[in-house]
Amino acid sequence: MIKRLALSAALFSTPLSADDHAGPQNDDALAAQVSEERLRADMDTIVGFGTRHTLSTQTDPKRGIGAAVNWALDEFRRIGTRCNDCFEVRSVERVIEADGRRIPQPTLIRNAVAIQWGSERPKEVIIVQGHYDSRVTDPLNGTDDAPGANDDGSGSVMILEASRILSQQQYPSTIIYALLTGEEQGLYGAQILADWVEEQGMTVKAVLNNDMIGSACGSDGFCDAEHVRVFSEGPRADSTDRLRARQRRFGGENDMPGRNLARWLGDVAAANPAGMQVRQIWRTDRMGRGGDQIPFLDKGYPALRIAVSVEDYEHQHQDLRTENGITYGDTVDELDFDYLARASQLNVRALHLLALAPMPPAVTADAAVRVDTQLTWKAVPGATHYMIKARRTDEPYWRPVMPHGTRGEDIQDAVYGAYTDEFDMSVPLRGDDWLFGVSACNGTYCSPVSSAVPGGAFAPVAKPEGDSE
Ligand SMILES: [Zn+2]
């Protein structure tokens with residue numbers, strides 16, 4: 001069924017009341033539950049394993065990665081008992097063979113994972129992850145103390161705390177909480193989880209990879225406690241020759257799903273100006289470096305990295321030592337727990353809002369040799385309405401309301417109820433000069449915008465059968 005509708009009609013105006021959606025709490029109330037005290041306690045516990053290096057002992061009950069992962073699994077189970085066993089806790093693991101680089105012998109890589117299944121669309125998942133493993137100067141040193149407090153104990157304790165808070169709510173979509181290992185050896189834990197998610201046939205709405213979120217100052221004294229950096233990819237990692245050719249004809253260099261997820265997260269932060277803000281970094285990761293979002297991006301899943309505003313190179317990947325009066329090492333005393341708590345609050349807000357929002361729709365635009373732009377998309381499960389967004393091609397962010405059309409129509413309320421399975425909308429703006437996207441909303445909970453460009457959909461790029469691209 002395809003319906004056409006004039007833009008002035010079908011306005012959706014009434015947001016659902018708080019009673020109409022799953023979970024009694026709003027994102028302010030949930031963010032307020034983040035406890036700096038619990039973040040500190042968890043940090044002391046995990047640093048207490050001495051080292052969490054991936055090549056450290058897996059059999060010692062008190063020291064090394066084996067004991068650390070066992071504790072994280074037990075902690076997820078304890079949290080799960082307080083939500084009527086709402087968690088499926090599992091070790092998503094695989095033996096990685098020697099790779100001639102940072103895995104010298106076959107090594108079991110275990111990720112500690114808790115799954116909070118969604119009540120309506122359990123295959124639709126949001127993943128919040130960080131890496132639990134740590135290292136010192138030599139990436140193969142699995143014996144010396146490697147506290148890994150900021151990198152990435154900070155992401156790890158945030159995930160445990162977020163799981164405590166959000167497990168008291170119910171969501172239509174699934175949240176996966178993941179403490180990954182093997183990151184410092186080559187992103188192995190993330191690869192294992194990404195493979196598992198793919199095998200399960202899950203639809204990935206978002207991956208929030210948090211790697212170093214616990215301090216705000218660099219070794220040169222430069223500090224910024226008001227922001228986290230959010231790294232998002234430009235061209236898709238899973239692009240194909242065919243997609244590149246279509247993007248050359250229709251645009252879309254700045255409109256891939258990870259980028260729109262980053263824009264959405266920036267909006268979530270900006271809606272709460274007293275909280276942690278987002279500094280957009282529009283590249284996949286830091287210069288010449290990587291993170292656990294990459295194996296997910298490789299598969300075409302929307303993923304981003306959240307990281308400290310300013311890195312302190314003397315307190316990451318360093319042997320614990322003092323040299324020329326400078327103390328090196330990724331230790332707890334270098335952390336800023338207030339900063340970590342605010343970064344955690346931003347994650348809690350984002351996870352709550354993403355878990356309530358529908359999937360962004362896949363949108364196409366037809367604007368060749370015409371004065372308007374025809375946008376089409378299929379309805380997505382759970383949407384009560386949709387919002388069309390626009391921006392000029394040289395503008396970074398979506399406009400909060402649609403601009404006026406070139407033919408005088410007032411289209412400031414470009415909001416459409418879920419009255420059909422297939423939407424086919426004429427927007428009175430020239431597609432040569434504008435970019436468009438659509439956000440799907442469940443009441444007041446709206447998805448990231450999905451851009452109406454080739455490759456803009458929140459899904460892996462379709463590869464034709466037998467295509468080796
Ligand atoms: Zn890291």
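Student: Is Asp85 buried or exposed, and how many other C-beta atoms lie within 10 Å?

Tutor: Asp85 is exposed, with 10 other C-beta atoms within 10 Å. The cut-offs: buried means 20 or more other C-beta atoms within 10 Å of the residue's own, exposed means 12 or fewer, and partly exposed falls in between, with C-beta atoms placed from the backbone. This is a predicted model, in which local features need pLDDT of at least 70 and side-chain atom pairs count only at pLDDT 80 or more, while totals for chains, interfaces and linings use all residues. Residues are numbered from 1 along each chain as its sequence is written.

Now the backbone. Asp85 has a positive phi of about 55°, although it is not a glycine. It sits in the loop between helix H3 (65–81) and S2. Helices (H or I, at least four residues) and strands (E, at least two) are DSSP runs, numbered from the N terminus.

Asn324 is exposed, with 4 other C-beta atoms within 10 Å.

S2 belongs to an open sheet of eight strands, ordered S2-S3-S5-S4-S6-S9-S7-S8, with mixed pairing. Two strands pair if DSSP finds at least two bridges between them. Strand S2 (87–96) and strand S8 (277–281) are the edges, each pairing on one side only. Neighbouring strands are turned by 25° against each other on average, direction ignored. Such angles run from 0 to 180 degrees between N-to-C directions, with axes fitted to C-alpha atoms, for helices over the stretch in contact.

Strand S4 (residues 121–131) and strand S6 (residues 203–210) pair in the parallel sense over six bridges. Val128 has Leu208 in S6 as its bridge partner.

Next, the helix over these strands. Helix H7 (residues 257–270) lies across S6, strand S7 (227–231), S8 and strand S9 (303–308). H7 runs at about 155° to S8. Contact here means C-beta atoms, placed from the backbone, within 7 Å.

One more backbone feature is worth a look. The peptide bond from Asp151 to Asp152 is cis, with omega near -5°. Asp152 lies in helix H4 (residues 149–166).

Key
Two residues are in contact if their C-beta atoms, placed from the backbone, lie within 7 Å.
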